[in-house]
Amino acid sequence: MAKVSEKKVPMREQDPKARIKNFQEVPFGYTEEEAVLEAKRCLQCKKPGCVKGCPVEIDIPAFIARIAERDFKNAIKIIKKKNVLPAICGRVCPQEDQCEKECVLAKKMEPVAIGRLERFAADWEAENNLVEIPPKQPSTGKRVAVVGSGPAGLVFAGDLAQLGHEVVIFEALHKPGGVLIYGIPEFRLPKAIVEREIEYVKQLGVKIITSFVVGQTKTVDELLQEFDAVFIGTGAGLPWFMNIPGEHLNGIYSANEYLVRTNLMKAYLFPEYDTPIVRGRRVAVIGGGNVAMDAARTALRLGAETSTIVYRRSRKEMPAREEEIVHAEEEGVRFEFLTLPVRYYGTEDGWVKEIECVRMELGEPDASGRRRPIVIPNSEFRIPVDTVVVAIGQSPNPLIPKTTPGLEIGKHGNIMADEKTGKTTKKGVFAGGDIVTGAATVILAMGAGRIAARACDEYLKTNIW
Amino acid sequence: MFKILSTKALAPNIKCFEFEAPYIAQKAQPGQFVVVRINETGERIPLTIADTKKDQGVVIIVFQEVGKTTKLLGTLKAGDYVLDLLGPLGKPSEIKYYGTVVCIGGGVGTPEIYPIARALKEIGNKVVTIIGARTKELLIMVEEMRSVSDELYITTDDGSYGTKGLVTDELKRLISQGIKIDKVFAVGPVIMMKAVSETTRPYNIPTVVSLNPIMLDATGMCGVCRVEVGGETKFACVDGPEFDGHQVNFDTLMMRLKTYLKEERVSLELFEKQSHKCCGGQ
């Protein structure tokens, strides 16, 4: 056996100095040669750990083998058997914690770049106009409503449509895609790619109705009169704030608002687009997850002179993906680790001007297994700012839990659903994604959509709950 | 795409549009609102539902032309379309038997208080209405309000119609007469709702106000419409828009409404320049 190169084939990227001046995608993706080279690193394990690490169970060794043979067409076919959104997953899945973590190479060197190869195969298919719509099973005459067009809803809908059921997605915003459209910035996930993959789901026969708020325009109970089953994938919407003094000052955003204005409403093109955003000179982002990195990097692209992440633990505990942290560092985002905001000070006319923070040290591990941050007494200091983005998480969207009798709700406002089926406590109603688990990742939501689709198909055939 | 069925000017810069929106019409209740997005580059703005014709699938919206988006909306005609109309949003008003209810509408708040007053009247409340405007020509929906009120009082700032003064002057007069008021609903400019709440506070008259913060998605996602109520952070789009006026921090609301003043001016100037161009640079 030829010796395997220790490192992944690197992916070329936009230069950090150039990319902070535009919203274009940062990594360029593999060329055919690069992809083949990387694919050849795969050892084609008999018992592949990577597949077990993939929430949607893609036959990873098989698709990589096809890439190594330059049979790109069949590579993407294998992926699409399990994943209707490969160009998205190839870009935003936390592969290092999933498939790539289980790669046998990972024990001694860098794992196979499964995510990059998935992205390559999906982009190759689209760029060569070879997207094929798989044959559909004959119509079952059953109708299913999907609430929310984010990753969970799209996968659920795509799967059920292929099984011959009639599927209608209801989306509250004016564009489908959920967090893929409003949340993840263009430079990390171009909206044209999201639109391309949603188009594929539509071609599978899924109908999407936008600007329709289930829970308000119609309730789940009303949908159940027209549909044989309903899937709820409404995500984690309601943003958390820290409830510290001064948080109502102007210039303090939730991450959701900051990102919705930028991504969905294209505020970076104001006044060509009507939705404005405050283009702060000194921006601070509170939090350490992927959303915080997205906001901090967005701030730079909106022209900030300084963009600072304020995080209460250290770099090691940050929940963001390593790749996102590295990209942020390369772009010049500053980090104030072990730092907790305690109050905001404003100008006379109500704009935020300073954050008062305290320094922290790490104590014993807490329930999350991470070392608990403890305030260091008398360590107050202030950070001058004119824009703050609070990116500390969000709770499940409350609209459906509030308007659907018979649906059991957890103590965090989440919908209770069986992990193995997505079944809720209400007959005919399935749920999955962040509305069940609280804010998590795109791929976990997709996995939940897949599980629920399987159970829903079973239910539609048997009517057994 | 949502079709505009008819348009009507009620007063200078105040227009009434009928939209074809059967789902929303079917569902809408007093106190609720819609979000409108006119075109692809447009922003999402919340507008209160003034009335519906449920059997015809019609939603009626009264709006004041203040910024770019409302001015652009005002240029549309019957037969035109807006790209998105989302709703009904927010919680409906709590319509039940209170006894004597005073409904107060200020300016363009009048069409918003109208469906509330009508619903309160329909279930047997004694409805006393006070509507106010800066001047006579800005008074709207007077006859409609009269038709759903047991008593109607009108104020204008300049005295050109009704009593000269503010709606709160009329409210104070009613209170001083010793009439038992069981509930007050007030919709209008923030400063007016604040004044009404301060007027009723010493008498412990339960007072409901309908807040109008900046909104974006209006479905409980972005958090821009957060308001401080009783010391807690609430989201007007899903927890409101109506709140206990005695608990609302109006000062932070007023401050936050000014967030985009600068950008709003830029948008409006650009719009006016462009609309002058299309009528031959006049």
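A salt bridge is a side-chain nitrogen of Lys or Arg within 4 Å of a carboxyl oxygen of Asp or Glu. The legends below describe close-up views of a predicted model.

**View 1. Arg37(B) and Asp84(B) form a salt bridge.** The closest N and O atoms are 2.8 Å apart. The pair links distant parts of the chain. Arg37(B) sits in strand β3 (residues 33–37) of chain B, and Asp84(B) in strand β7 of chain B. The two residues are 47 residues apart. Arg37(B) is buried, and Asp84(B) is buried too.

**View 2. Seven strands of chain B make an open sheet.** Their order is β6-β1-β2-β5-β4-β3-β7, and the pairing is antiparallel. β6 (81–82) and β7 (84–89) of chain B stand at the edges. Each has a single partner strand, so one side of each is left without a neighbour in the sheet.

**View 3. Strands β4 and β5 of chain B run antiparallel.** β4 covers residues 45–53 of chain B, and β5 covers residues 58–64 of chain B. Four bridges join the two strands. Asp51(B) stands opposite Ile60(B) in β5(B). Helix α3 (residues 110–122) of chain B lies across β4 and β5 of chain B. The helix runs at about 40 degrees to β4(B).

**View 4. Lys73(A) forms a salt bridge with Glu132(A).** The closest N and O atoms of this pair are 3.6 Å apart. Lys73(A) lies in helix α5 (residues 72–82) of chain A. Glu132(A) lies in the loop between α7 (114–127) and β1 (143–147) of chain A. The pair therefore ties together parts that are 59 residues apart in sequence. Lys73(A) counts as partly exposed, because its relative accessibility is 38% and partly exposed covers the range between under 20% (buried) and over 50% (exposed). Glu132(A) is also partly exposed, with a relative accessible area of 37%.

**View 5. Glu322(A) forms a salt bridge with Arg315(A).** Here the closest N and O atoms are 3.3 Å apart. Glu322(A) is partly exposed at 42% relative accessibility. Arg315(A) is partly exposed at 27%.

View 6. Side chains of opposite charge can pair when their charged atoms come close. Over all chains, a search of the whole structure finds 58 salt bridges.

Note on methods. Residues are numbered from 1 along each chain as its sequence is written. Chains are lettered from A and ligands numbered from 1 in the order in which they are written. This is a predicted model: local features need pLDDT of at least 70, side-chain atom pairs count only at pLDDT 80 or more; totals for chains, interfaces and linings use all residues. Side-chain values use heavy atoms; hydrogens and water are left out. Two strands pair if DSSP finds at least two bridges between them. Contact means heavy atoms within 4.5 Å. Axes are lines fitted to C-alpha atoms, for helices over the stretch in contact, and angles run from 0 to 180 degrees between N-to-C directions. Buried means under 20% relative accessible area, exposed over 50%, partly exposed in between (1.4 Å probe, protein chains only).
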